[in-house]
Amino acid sequence: MADDRKADLDAILRRQREAFTASRPESMNMRKDRVKRAMALLKDHSENLCKAMSADFGNRSVDQSMITDIAGTVGAGKHALKNMDKWAKPEKRPVQFPLGLLGAKAEVRYEPKGVIGILSPWNFPVNLAFSPLMQVLAAGNRAMIKPSEFTERTSLLMAELVDEYFTPDEVAVVTGGPEVAAAFSELPFDHLVFTGSTPTGRRVMEAASKNLVPVTLELGGKSPVIMGKSADFAKAGERIALGKMMNAGQICLAPDYMYVPQDKQDEAIQGVSDGVANMYPTLLENDDYASIVSDRHFERLQGMVADARDKGAEVIEVNPGNEDFSSANQRKMPLTILKNVTDEMEAMQEEIFGPVLPVKTYKTVDDAVDYVNENDRPLGLYYFGQDTEEQERVLTRTISGGVTTNDVIFHVSMEDLPFGGVGPSGMGSYHAIEGFKEFSHARAVYHQPKIDIAKLGGFKPPYGKASQKAAATMMK
């Protein structure tokens, strides 16, 4: 990357940090004003942003974008505005006896960290830039955003709009390719948020470590659906189809594979197939169904299906309108279900991130639990069934970033629940009070009373009987 571009990034960061330092202590009203401006930007320009996203994908439902990227993100801002006064209040903490009686006091103050970097992905380009931004601003920070080059029109429009609604020392958007992203992740931020794939997350964390920058990593992985024998397979199938077909499966929390009872495999697959047909009677000319974002991503998914077929999987294309996809150039792909999968197949080794759904079968639900535990901890886990005892068994014996029962993905849309992964599916979280704290420094403050506590407690030399008595009392 050209040296002048790196100098630009350094200059923006320096300007933001200087403004942050000069403005301290900054009022809550100023923080709220920034959150309100971020919300106004989204609301005032919602249609243009949705059109830009559709153009970037080749086709993406404007209605879907309005819900997922605009309304959902405005909701994050509303939630922050409603709660930020409460979140920011210092917490009184107890002190050891008898210090409290002598007038000592302790508190934790949640203070802004400074300048936060946000590296956002292409799959929900507005939501995954602005949703963390709402909490970054609520916590009193400045922000630099580097959106994805895969959704170039949306990224350029966001840069233009941010420039209109914010001063460069408040929020700045920098655009560019992988070289810019690499330089961005090496900047000495006060915190860095990255949303994307696990392999890229490792590189981002390595780059951030050079400056000991704390990171929030929102990654992905293979989020399993475990269907109990007590599941309503028709209803469950439609809900799984909705989660897998929205955005053409290009969602970090999309159900990645299904684990179903051995004797219910065909019923489970039929439930998903019927769900697709009910929502998407056709696919090619259907504006409700998104395209795969790029040729590279499309070819990767096609290769994954070919690999599974070559290694013995049965491939079931769910094509309700019997359309000819071979001659279409819209990068649209029908839901492709894979039966008889093995762990050697790419579809069971990599996060799929598209409309491909492997199906595994179990004799007992513990087989499914053991499989989940033998692999990387997923971002989401989904259980379908009416057996509450079995549900608790699945939940208490597995570990995942989050869980939705009897549906998929929905836990991320609950503003008062933290959103984050664990291990290879991420670290840290945002949303709710946990997000506010993620972008704040928990500063310990102790107020010493006038009395000489060190002498009273036997901490002051020369040591002797008072010290020994104090140690003995502390160890009682």
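**Figure 1. The whole chain and its secondary structure.** Helices are DSSP runs of H or I with at least four residues, strands are DSSP runs of E with at least two, and both are numbered from the N terminus. This is a predicted model in which local features need pLDDT of at least 70 and side-chain atom pairs count only at pLDDT 80 or more, while totals for chains, interfaces and linings use all residues. Residues are numbered from 1 along each chain as its sequence is written, and side-chain values use heavy atoms, with hydrogens and water left out. The protein chain holds 16 helices and 18 strands. Its C-alpha trace spans about 85 × 55 × 40 Å along the principal axes. Of the 476 residues in the protein chain, 54% are buried (buried means under 20% relative accessible area, exposed over 50%, and partly exposed in between, with a 1.4 Å probe and protein chains only).

**Figure 2. Asn247 and Ala248 in the loop between α9 and β9.** Asn247 lies in the loop between α9 (233–245) and β9 (257–261), and Ala248 lies in the loop between α9 and β9 as well. Phi of Asn247 is near 60°, a positive value in a residue other than glycine. For Ala248, also a residue other than glycine, phi is positive too, near 55°. Asn247 counts as buried because its relative accessibility is 1%. Ala248 counts as buried at 0% relative accessibility.

**Figure 3. Two cis peptide bonds.** The peptide bond from Arg24 to Pro25 is cis, and its omega is near -5°. Pro25 is in the loop between α1 and α2. A cis peptide bond also runs from Pro461 to Pro462, with omega near 0°. Pro462 sits in the loop between α15 and α16 (465–475).

**Figure 4. The salt bridge between Arg142 and Glu26.** The structure holds 30 salt bridges (a salt bridge is a side-chain nitrogen of Lys or Arg within 4 Å of a carboxyl oxygen of Asp or Glu). In the salt bridge between Arg142 and Glu26, the closest N and O atoms are 3.2 Å apart. This pair links distant parts of the chain, 116 residues apart: Arg142 is in strand β4 (residues 142–146), and Glu26 is in the loop between α1 (3–23) and α2. Both Arg142 and Glu26 are buried.

Figure 5. Lys210 and Glu186 meet through their side chains in a salt bridge of 3.1 Å, N to O. The two are 24 residues apart and link distant parts of the chain, with Lys210 in the loop between α8 (198–209) and β7 (215–218) and Glu186 in the loop between α7 (178–185) and β6 (191–195). Lys210 is exposed, with a relative accessible area of 59%, and Glu186 is partly exposed, with 34%. The side chains of Lys311 and Asp307 form a salt bridge of 2.7 Å, N to O. Lys311 counts as partly exposed at 42% relative accessibility, whereas Asp307 counts as buried at 12%. Salt bridges that share partners also make one network of Glu26, Asp33, Arg34, Arg37, Arg142, Asp169 and Glu170.

**Figure 6. Aromatic ring pairs.** Rings of Phe, Tyr and Trp (its six-membered ring) pair if their centres lie within 6.5 Å; planes under 30 degrees apart count as stacked, over 60 as edge-to-face and the rest as tilted. By this rule there are 10 aromatic pairs. The ring centres of Trp87 and Phe436 are 5.6 Å apart and the planes are at 45°, so the pair is tilted. Because Trp87 lies in helix α4 (residues 62–88) and Phe436 in helix α14 (residues 432–438), the pair ties together parts 349 residues apart in sequence. Trp87 counts as buried at 5% relative accessibility, and Phe436 is buried with a relative accessible area of 1%. The pair of Tyr280 and Tyr289 is edge-to-face, because the ring centres are 5.4 Å apart and the planes are at 65°. Tyr280 and Tyr289 are both buried. Tyr257, Tyr259, Tyr362 and Tyr371 are linked by ring pairs into a cluster.
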